[in-house]
Amino acid sequence: MKSKNGGRTSTLNSRALRDWEEGTLRPALDRKPERKKEFTTVSSLPIERLYVPEDLKAWDPGEKLGFPGEPPFTRGVHPTMYRGKLWTMRQFAGFGSAEDTNRRFHYLLEHGQTGLSVAFDLPTLMGCDSDDALAEGEVGREGVAVDTLTDMEILFQGIPLDRVSTSMTINAPAAVILAMYLAVAEKQGIPLDRLEGTVQNDILKEYIAQKEWIYPPAPSLRIISDMVAFCTDRVPKWNTISISGYHIREAGSTAAQELAFTLADGIGYVQSCLSSGLDIDAFAPRFSFFFNAHNDFFEEIAKLRAARRMWCAIMRDRFHAKSPRSWMLRMHVQTAGCSLTAQQPYNNVVRVTVQALAAVLGGTQSLHTNSLDETLALPTEDSARIALRTQQIIAEESGVANTVDPLAGSYFVETLTDRLEQDAWSYIKRIDQMGGIVAAIEQGFPQREIAEAAYVYQRQVDGGDKIVVGVNRHSEGDVLKTPTLKIGPGVEETQVARLRATREGRERGRHAQTLERLTRVARTRENLMPAILDAVRGYASVGEICDALKTVFGVYREGRVQF
Amino acid sequence: MATERKVRLLIGKVGLDGHDRGAKIIARALRDAGFEVIYTGLHQTPEMVVATALQEDVDGIGLSLLSGAHNTIFPKILRLLAEKKSGDTVVFGGGIIPEEDILTLQRAGVRRMFTPGATTQEVVDWVRANVPPRRR
């Protein structure tokens, strides 16, 4: 029999498989049964004992793989992948005051990190000033507090913005924070078209998973399209949206749900930008993605490979983008925070290594490795360094970066990649039938699916069906304690004092005028970005700007939460 | 006359923290175990939680906190409950809470803190043993 793809005669056909099953496998099973009846991924996908050439009988490598740097990009977005350039090692950092974070940035740059990544505190993420009643107790805890341009100037002091690329994890108030970054660049005398970086700016996954929203979906999408239009024109190297599955997974989704809801969000942004009149090939190449790398090694690799293939199909075949750059899914990956354990925290170094390796074998463009102490607190300098060293060991010692997409053609990995793709397509189809991702969110569909998956997983862990080493298995001997980073209570006071000083020191009346202009523009269809930039230059605060927009756009309220 | 009734619980998320995975899992596990459970939804203030607790006449309040704001929020809830003469409401919690803070919070009147790795069954068992229906 001629096999379809290779043109060679295959002796490993279905008859050979039957012979093996009867002659070799069965006696072995009779002597010693397998450890479990059923083997599944961490997301509960069934996994077979053995994958064989027959599994890929109808599988066409020309269609499913292609070559790296070419559609459908399953093998990666660059022709040489890590032989040409290693992934960007981008450790997320930010805590306490702008000064503290600025010091951490200088430290990381001196230790060989190649890009900056900013974590903001919760009040900033929610568009609240540090003196807002809701901010009490949260200023500077989970990231850096930014109220006005003053804080941003301190945050990037001594860091030439044309020589770093900066990723800022900010969503609902992303337009304001980006405007502040641009204003800092203006003050450093750096032309905007030389700035490189990313804002997360992914509001849809906030409604689905992370829940840090301000406005309802429609005006949120308008702000995003305005920012995309502005950057396309003025800050062309800026990545305008980092469409994020990370938080969806952290909220408890399966791998297939992460893949599906993330791509569905991507479809939502493309539709929104198209309907505001933008040209797809002008904006789509600046969209990037952000995925989670969880424990199940092959499932994660399959997910990342499937993501590239699917996005290519979405952009080329569904939206008819012309430029291959629009078809390419570039990604950042972070190892799974939710997989880390407070028990026996040093085990987390090993988990992170396995997860990071999956991200690399999945072909990521940049990577954050979590620190071993992140279930306990923000990382200490020592634990952050081990996390970075983990990536450096994978990059420079393990040899996995020597060839492109080394797992391609594996019967198992390709079958699993196809399976994740299929499962994700069927979710995307259901979301399309609901009227798109915004309608699905309003009906609570992704939220319910994720909550269900999270509950199922928790029950599996509680029942011992899924193992967490150090928690429900091998839990004896938890003696190693790890030091944790403490954020002093003084941060809040200092930050509030600085905000008040900035308010008092600003040019009289100017910020009020800029805020009036902003609300006026918000009522029209004019692009919001110039008005936001103007308000920021006048030292209007994040809270003041977001409040001004709330008067026009309203605020989002979550519907009845099912649990 | 006091009659046997189901224990009523309020599960809440206070502050800006949006991580509701744990809160929803615990709410569901407690409901499945036969308790009456009300979930506040996100972004509540301590005042809102206490107002809901009084209005719903709950026996226990469980708060999930992963933002680091626990040292501010728990004492405030306890104080507000005491002011409303509902100091017998059992307050417990869970989340990312450092050990030394747990001791301080327990001294302040938080009855139990569950940390990562606690099973839903542990929470259910503890609530069953420690949250009696309040006398009315």
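Modeller: For the 563 residues of chain A, a compact globule would have a radius of gyration near 24 Å, and chain A agrees with 24 Å. That radius is taken over C-alpha atoms, and the globule rule is 2.2 Å times the number of residues to the power 0.38. This is a predicted model, in which local features need pLDDT of at least 70 and side-chain atom pairs count only at pLDDT 80 or more, while totals for chains, interfaces and linings use all residues. Residues are numbered from 1 along each chain as its sequence is written, and chains are lettered from A and ligands numbered from 1 in the order in which they are written.

Chain A has 22 helices and ten strands; helices (H or I, at least four residues) and strands (E, at least two) are DSSP runs, numbered from the N terminus. Chain B has five helices and five strands, in the order β-α-β-α-β-α-β-α-β-α along the sequence. With a radius of gyration of 14 Å, close to the 14 Å of the globule rule for 136 residues, chain B is as compact as a globular protein of that length.

The contact between the chains takes 30 residues from chain A and 27 residues from chain B, two residues being in contact if their C-beta atoms, placed from the backbone, lie within 7 Å. On the side of chain A that touches chain B, α4 (122-125) and α18 (445-462) each supply at least two residues, and α18(A) gives the most, with five residues.

The part to look at closely is α1(B). Helix α1 (residues 21-32) of chain B has twelve residues, which at 1.5 Å a residue should span 16 Å; its end C-alpha atoms are 17 Å apart, which agrees. The expected span is 1.5 Å times one less than the number of residues. Ten of the twelve residues are buried, so α1(B) is largely enclosed by the rest of the structure. Buried means that 20 or more other C-beta atoms, placed from the backbone, lie within 10 Å of the residue's own. Among the buried residues are the charged B:Arg21, B:Lys24 and B:Arg28, as well as B:Ile25, B:Ile26 and B:Leu30. The cover over the buried residues includes β1 (8-13), β2 (36-39), β3 (60-65), β4 (90-95) and α5 (120-130) of chain B, together with α18 of chain A. After α1(B) comes B:Gly34, with a positive phi near 105°.
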